[in-house]
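Here are a few exercises to work through with the model open in your viewer. Try each task yourself before reading the solution.

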Amino acid sequence: MTDQDFQIGDRVTAIYKTGKYIGEITGIRPQAYLVKVMAVSKHPMQGDLHNPKQTEVAMFHQRRSLAYREQTNVPMNMVRHYEGEIPDYTESLKEAVTAMKNKLLEDKTEWNQKSLEMLEDIEGDYFK
């Protein structure tokens, strides 16, 4: 598939930073597609993107998922066609958070523990 296969209105999966989303193309830029988020497939990793899995960094970032209907520019090579029904945003976010928490609980590393703390803090805001 080439970049030209996408049009405004197409349903896609889009990887943005370390999160993966299901959404709709709402604009086409020279190097990116503008994607409106409709569901979360994978929650973003916590911490410093430039030093993954490290805790000894200047700032261990808390990374939130993109919001429902939020639009973001996604590099063209990070967009794929999506077939199927788009899940409910809130339910997909709950599933993505649960999946990430379960993954973090598999190993007792310092990075996993710090990430889990950040994720649990975010979770409190998401599902008030």
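**Exercise 1: Charges**

The mean positions of the 17 positive and 20 negative charges of the protein are 2 Å apart. Here Lys and Arg count as positive and Asp and Glu as negative, with His and the chain ends not counted; each charge sits at NZ of Lys, CZ of Arg, CG of Asp or CD of Glu.

Some ground rules: this is a predicted model, where local features need pLDDT of at least 70, side-chain atom pairs count only at pLDDT 80 or more, and totals for chains, interfaces and linings use all residues. Residues are numbered from 1 along each chain as its sequence is written, and side-chain values use heavy atoms, with hydrogens and water left out.

**Exercise 2: Overall build**

Task: work out the order of the elements from the N terminus on, then check the radius of gyration against the globule rule.

Solution:
- Step 1. Walking from the N terminus, you get β-β-β-β-β-α-α. Helices (H or I, at least four residues) and strands (E, at least two) are DSSP runs, numbered from the N terminus.
- Step 2. The radius of gyration is 16 Å, close to the 14 Å from the globule rule for 128 residues, so the protein is as compact as a globular protein of that length. The radius is taken over C-alpha atoms, and the rule is 2.2 Å times the number of residues to the power 0.38.
- Step 3. Along the principal axes, the C-alpha atoms fill a box of roughly 45 × 30 × 20 Å.

**Exercise 3: Partners of E1**

Task: find which strands pair with E1.

Solution:
- Step 1. Strand E1 (residues 11-16) runs antiparallel to strand E2 (residues 19-28), with six bridges. Two strands pair if DSSP finds at least two bridges between them.
- Step 2. Tyr16 is opposite Gly19 in E2. E1 and E2 make a hairpin with two residues between them, and Lys17 in the turn has a positive phi of about 55°.
- Step 3. E1 also pairs with strand E5 (residues 79-81), antiparallel over three bridges. There, Val12 has His81 as its bridge partner.

**Exercise 4: Asn112**

Task: is Asn112 buried or exposed?

Solution:
- Step 1. Asn112 belongs to helix H2 (residues 110-126).
- Step 2. Its relative accessibility is 7%, so Asn112 counts as buried (buried is under 20% relative accessible area, exposed over 50%, partly exposed in between; 1.4 Å probe, protein chains only).
- Step 3. Leaving aside residues up to four places away in sequence, Asn112 touches Lys103, Leu104 and Asp107, where contact means heavy atoms within 4.5 Å.
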